[in-house]
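Q: I have a model open and would like to learn how to read what sits inside it. Could you walk me through a few features?

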Amino acid sequence: MASEPDERPDPHLDGRADYDHADGRIARPDLAAALADRIEGDVTFDEYSRQLFATDASIYEVTPIGVVRPKTTEDVASVVSYCNEREIPVLPRGGGTSLAGQTVNEAVVLDFKRHMDEFLGVDPDAREASAQVGITLAELNAAVEPEGLKYAPDPAWGDKSVLGGCIGNNSTGAHSLKYEKADGYIESVTAVLADGTVTEFGWMDLAELDAAADPAGDLEARIYDEVRRVIEEESAAVRERYPDLKRNVSGYNLDVLVEDAETRGEVNLGRLLAGSEGTLAVVTEATVSLEPIPETTSVAMLAYDDVLDAMRDVAPILEHDPSAVEVMDDVFLDMARDTEEFAAVAGLLPEGTDSTLLVEFYADSEADARRKVADLIADRVPDERAAGGPSDGASDVTDADPVAVDVLEAYDDERQAKFWKMRKAGLPILLSNTGDDKHYPYIEDTAVPAEHLPEYVADFREILDDFDTFASYYAHAGPGVLHIRPLINLKTQDGVDTMEGIADRVTDLVMKYDGSISGEHGDGRARTQWNEKFYGRGLWETFRSLKRAFDPNWILNPGQVCGDEDGPTDMTEDLRFDPEYDFEVPFDPELDWNNENGFQGMTELCHGCAGCTGYQDTTGGVMCPTYRAADEEITSTRGRANALRQAMSGDLPDDPTDEAFVSEVLDLCIGCKGCKHDCPSGVDLAKLKAEVTHAHHQEHGVDLQDRLFANVDSLFALGSRVAPLANALSSLPGADWLLEKTVGIASERETPTLHGETVRDWAAARDPGVRESAADRSIVLFVDAYTNYTRPAVGRAAVEVLEATGTHVAVADTSDSGRPAYSLGMLDKARGIARENVARLEDHVDAGREIVFVEPSDAVMAQTDYLDLLGRDHEGAERIAAHSYGLCEYLDAHRLVGAADWDAEGSLTYHGHCHQKATAKDHHAVGALRRAGYEVDPLDSGCCGMAGSFGYEAEHYSMSRAIGEILYDQVEESDGDRVVAPGASCRTQLGDRPGGGEPLHPATALADALRSGSS
């Protein structure tokens, strides 16, 4: 039953319009106040919030009027009703992962992901679930998985994409061969109509539709009347012009509407809203049908000499009834071979492999899974390679000649995951380019029937050749959807013209092969221009008639699917990068930016895919800790990176070095480096922050708090000399209050206890346990300030463990790596320290010693950050980087743990340091501890939230603690007897958890095992 729209009077505007179509003027403060009065949710119309929602994962950028984060359907109805009366555009938005630009507009953005993300329940007998539209697909599936069920549409970005976006885009995924698009799973939706009416759209028979239709009735009745008209008058045109494809998501969903009416005698307007991109109504809740989770799967990766051979093989492979068929071409594979993470998998392929097809099967048992792969191999791979096939050595499935040259098989979950991960890495690999020429999305999801793929790809190549460019071909070959992104430069007019020219000719090509201009990502700003050409003038006018019936004032995401009131939209308008784009860095970058276009290239690298936001509701991966805790766009890597680019391109009023920008955008970035590892395109926000913060210091000076923390080594050294007095003073009543008021150290944190005898003192006073002349190997141990002055037992344990492996240990004569200064953006100071340390440590390297660091962040400092500070042509920095190890990295890489007598007891919960995770070196500690005999549960955890000085700073304490709570929960869920963490900050944060003592450093745990073995 529909509810009436909000009719409350407006106390703010006195009849004035907020939005004037004539000149686009918007009285934002009045509008924001009026909306805030009407809803429970949040209203943010400030400049920063607006710019954060100006982009999505597409090539477009449009600054919205403002952002509203509704908490209820009633909130949504109030906003839509109010805006409709004043003809103010409204845009529903979820994860902002759209690739065609449909989630950016000059409109009031309804951000559903912030609050409206509740799971509402599951009916396992009916195989249905209900949820609010802001829930991610990963959350939805986690909620129904215990029932052995899943929501079948599985776009690759399912941990970032939300249910509302999935419906609005009519999404599917790699398994569309088995499952339908989102429309096929809609049972009912709660929808807010353009006038604010709240209604439910579900199944209704044609008699009910006829009874509800009234051309002179209210908005809902008029909608039903237009739907009835389309069924009665446009069915023949729909059947004629719509492609016969499972994967068509272009235009309005009229083919499904007509088919349901003809075959079922009923319709579901919820299914009509699927793929409408928020232009017809705003969906707030949905009930969707579910599918059983398959018992098991198997994978075969077929190798080919040419991508056209692979395309010719798709149709025969489909006769084997696979659940997925994914293609990777030579461009893709060459990039994978150059990527450390995927080189091993790509290296398994036969030499000269040009392209592959990843073929997956669902099966009822492992034996059935193996049989299906064996049958495929016997059919599609030459006889000499198919010896492992069925007992008769052949298959009767197809008559086509085999063209694959080899095959890799995967039956266990780990190996299958590696194959799939490499396939899904296509987009990140393509988007890691920092140059002006980029692989942009605008014809990236065309679809044709699988039997036409060879001819289609050949013709597509000719088009690209004509425009003197190239692209990679990858993704969903089974249903005929290829992701193709031509390399172009949109900062030039030639590049913009090339984009439009390619899109025009590809539209003709798709029509030639009875395909679709969008088989996955929708119309948006990229493809709406071509819908009139693709569907014909008649259906184009039908689209617009349907739009007018649903949205008479054209306020709902105008411009998408069928254009705006004035007609089609232009795909070349509102580009993020265009010939008018201007980028100015108001300072000279200090660091070595070893990428194309340097600092600017890194600043522009974020493409908006929302990879950084997918970790908010999960515990895996490293980034982005402040986003996980705050769930605010400004605290995501995407938000910060876009804001930084916008500040330098003039979209924000502040320079990036201004106090307002630094405090608003960069202040809560804790430099965990997680984005460098987990961001799909490798945005290095920690390095960007260091550069900008340094420029800010140069312009505005460095405050006392930063100076103190940057000089912590000197402060600890001074305090160590008078340790009893220093410790006594810090424990006096009121000392914590005084420290907070004077230098900003949070009163909730205990200051470290200083020791009079440091690790360096202890080492200087003893005879080496292993003399260098008799040692198997020799190292210099770099002991950080925290260990040296406050936890010397950890340093002594590290020496003991290393000496037990026959290693000679010399302790470095410095404990400041420059990390504190670097993290605080004091790059001149950090560079000076780096230069001094390189000079000192080079002497050790010359003497044949490796450099081993107790503190993980110091190890990464020497391995990567010294190169940024001193330059990659600095011979000394390169030598130090090549010879530097974290403690456990050194022990594990050289397999030294087996060289001593270990007798570990018990199990350990291991939390790794974010910097080592970001550089893919964290696994070494787990390996060393396990070889010592411990059972180890390595947490898939992110940053602890302490981040050096960050967690000590009063203004950051609550955020630090919120991040820490996420880690605390993981520790509680682990079965380990003791907690181990190599990072000093991590141990401090974990030591503050309720009921938890300070964790062990791995060196201490290994020393314990060593002593047990010796006794």
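**Cores, a strand and a buried glutamate**

A: Let's start with L163, which touches A131, Q132, V133, I135, L137, L140, Y151, A286 and V288, leaving out residues up to four places away in sequence; contact means heavy atoms within 4.5 Å. Please note that this is a predicted model, where local features need pLDDT of at least 70 and side-chain atom pairs count only at pLDDT 80 or more, while totals for chains, interfaces and linings use all residues. Residues are numbered from 1 along each chain as its sequence is written, and side-chain values use heavy atoms, without hydrogens and water.

Q: Which residues have the most contacts inside the largest nonpolar core?
A: In soluble globular proteins, nonpolar side chains tend to be buried together. Here the largest nonpolar core has 222 residues, and V108, Y151, L163, L254, L357, Y442 and L869 have the most contacts inside it. A second, separate core has 40 residues, including V783 and Y890. (A nonpolar core is a set of buried Ala, Val, Leu, Ile, Met, Phe, Trp, Tyr and Cys residues joined through side-chain atoms within 4.5 Å; buried means under 20% relative accessible area, exposed over 50%, partly exposed in between, with a 1.4 Å probe and protein chains only.)

Q: Which way do the side chains of strand 3 point?
A: In a regular strand the side chains alternate between the two faces of the sheet. In strand 3 (residues 90–93), V90 and P92 point one way and L91 and R93 the other, and all are buried. (Strands are DSSP E runs of at least two residues, helices H or I runs of at least four, numbered from the N terminus.)

Q: Is E444 buried or exposed?
A: E444 is buried, with a relative accessible area of 1%.
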